[in-house]
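Me: Please take a close look at the aromatic rings of this protein and explain how they pair. I would appreciate one connected account.

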Amino acid sequence: MLELAILGLLQEAPMHGYELRKELATKLGTLRAAISYGTLYPTLKRLKLAGWISEAEAASDIIPPMTSKRGRVVYKITAEGKEHFADLLTQAGPETYDDAGFGVHFTFFSRTDRATRLRILEGRRRRIEERREGLREILARAADRLDAYTLELQRHGLEACEREVRWLEELITNERSGRTPAVRHRAESTTEAPRPHPDRP
């Protein structure tokens, strides 16, 4: 999944390693725990050896002072890399239904064909429905043997599954009708700013 994410980000613009890591952590929260320089740079090296990305040294006027040699390298996607990225986007197997795999693929859904989007969404829904049924079974069979906190955790997981199934069903309905998800803006606060305490300036 990291390979797909890197190629997708480099489609947008060439980046330094530290820029890539920052963008990966920002856009792909599901991968955040796995993103370290110890995993990023070996993946970049492998992508370069495969011919999917290339390296270039940044212009001297934009290199921060005291930057290491590695920090001066800019990574760019190649024509072969763009083809490989397009191939990766069409893959829809069990790994694309897991949390990390789904998150990465969903990030690049705007570049994915509708048939593949539907296969991934439907596969993800099946995965979450299975998880939901497992939690329901635990609650039905063992609720009286669980302590209050474990029981609350299982209920929280069940509620999260139910919310995600509803969300996926909405997305699937939109895909089948040819609609894209509606852009949701954060509601503007209409409450007044808090007034200072009388004892404070």
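Reply: A residue counts as buried when its relative accessible area is under 20%, as exposed when that area is over 50%, and as partly exposed in between. The model discussed here is predicted. With a relative accessible area of 2%, Phe-108 is therefore buried. Phe-85 also has a relative accessibility of 2%, so Phe-85 counts as buried.

Ring pairs are counted when the ring centres lie within 6.5 Å, and the count comes to five aromatic pairs. In one of them, the ring centres of Phe-85 and Phe-108 are 5.6 Å apart; because their planes stand at 90 degrees, the pair is edge-to-face. Phe-85 belongs to helix α4 (residues 79-89), whereas Phe-108 lies in the loop between α5 (99-107) and α6 (114-142), so the pair ties together parts that are 23 residues apart in sequence.

The rings of Phe-102 and Phe-106 have centres 5.5 Å apart, and their planes meet at 35 degrees, so this pair is tilted. Both residues lie in helix α5, where Phe-102 and Phe-106 are four residues apart, about one turn of the helix. By the cut-offs given above, Phe-102 is buried because its relative accessible area is 5%, while Phe-106, with 29%, is partly exposed.

Key: Residues numbered from 1 in each chain as written. Predicted model: local features only at pLDDT ≥ 70, side-chain atom pairs only at ≥ 80, totals over all residues. Heavy atoms only, no water. Phe/Tyr/Trp six-rings, centres within 6.5 Å; stacked < 30°, edge-to-face > 60°. Helix = DSSP H or I, 4+ residues; strand = E, 2+ residues; numbered from the N terminus. Buried < 20%, exposed > 50% of the residue type's maximum accessible area, 1.4 Å probe, protein only.
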